[in-house]
Amino acid sequence: MDTHPVKGLDLGICSNCGRRAPIYFRRYSGVKLCSTCFKEDFIKRVRRTISRYELLKYDDRILVAVSGGKDSLVLLKVLYEIEQDFPRSELLAALIDEGIDSYRLDCSRISREFANALNIELHELSFRDLYGFTLNEVVESGIAEKLKLHPCTICGVLRRKALVTAARRLGATVIATAHTLEDIVQTYLLNLLRGERNMRPIGLRRGAENVIPRVAPLRLTPQREIALYAYLEGIPFQLRSCPYTHESMRDEIRNFLTLYDYKYPGSLYAFLNTFEKILEKIPQSAEVNRCEICGEPTDRRICRACEIVLSIKDLLRN
Ligand SMILES: [Zn+2]
Ligand SMILES: [Zn+2]
């Protein structure tokens, strides 16, 4: 039996194998796991998430959205492990370069090396090529301010659109994003507080014709487990955060949820499950409305991405 590296500290033994010293304590369930069992359990949870929500099919061509941060590289690694059992499925990776100078260069290098090591093709697309401008230009020229849009909003909407473009070009059948349990709960709460009308489940596979579904296989995985998995697997990642200040409302919700979940472990799961049961009851129309410009699904006449691109181009010309 291994002894715990910290002498004299009695943490008991791994709840799973009953042999090795635990390195992780899951507060909401009281389970303690050694590093071997933790890594196995981590992958098992993603597998269970995929089958519980039917996120992926055995013959999917999966495009993983990679940013160079730990969440997306962990997602790529875990899907790579799971995909070994599905010979008819295929994994691809896409990195969207918004044009935030040196920050993105690091992300791009780390992602490329990591994808190469797993023998996965990494496709890079830039805002410059797709839209004709970079995020830096939009912010520095004061256009973001003129449009009263936060850089994160512009970036988020245009990255989303860029991923769909990448998926269409590569013939992907599904897009996998690295949204975590915290990300999803934060977004639900933000939408609620902002009075968003068209609320839909996030990261679940919705069947609609000619729409590439976006799924979030890490939707039940908490951040701290992702960080621990990245550390144990030696996954390199970009530590610097994006130079643009974040949306303050999201930051406030994030801080509140972190504290709350620490005090009352398991709260995030409770919220997610209950909220999604309520969402299920809201009838979703099967008919898909399409953007008049790009043809992608939207609730409006022109989708948000096309609207933002048009107004930016307009201001850049003047
Ligand atoms: Zn164990
Ligand atoms: Zn559009």
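Strand 3 (residues 61-66) runs parallel to strand 4 (residues 90-97), and six bridges join them; helices (H or I, at least four residues) and strands (E, at least two) are here DSSP runs, numbered from the N terminus. One such link ties V66 to its bridge partner L95 in strand 4. This is a predicted model, in which local features need pLDDT of at least 70 and side-chain atom pairs count only at pLDDT 80 or more, while totals for chains, interfaces and linings use all residues. Residues are numbered from 1 along each chain as its sequence is written, with chains lettered from A and ligands numbered from 1 in the order in which they are written.

The open sheet has five strands in the order 5-4-3-6-7, with parallel pairing, where two strands pair if DSSP finds at least two bridges between them. Its edge strands, strand 5 (122-126) and strand 7 (214-215), each pair on one side only. Helix 2 (residues 70-83) packs on the sheet and touches strand 3, strand 4 and strand 6 (174-176), contact meaning that C-beta atoms, placed from the backbone, lie within 7 Å.

Elsewhere, helix 8 (residues 181-193) and helix 11 (residues 267-281) pack at about 55°, with their axes 10 Å apart; axes are lines fitted to C-alpha atoms, for helices over the stretch in contact, and angles run from 0 to 180 degrees between N-to-C directions. The two helices are therefore oblique to each other, since angles under 35 degrees count as roughly parallel, over 145 as roughly antiparallel, 65 to 115 as roughly perpendicular and the rest as oblique. Among the residues making this contact are L181 and Y188 of helix 8 and F271 of helix 11.

How values were computed. Two residues are in contact if their C-beta atoms, placed from the backbone, lie within 7 Å.
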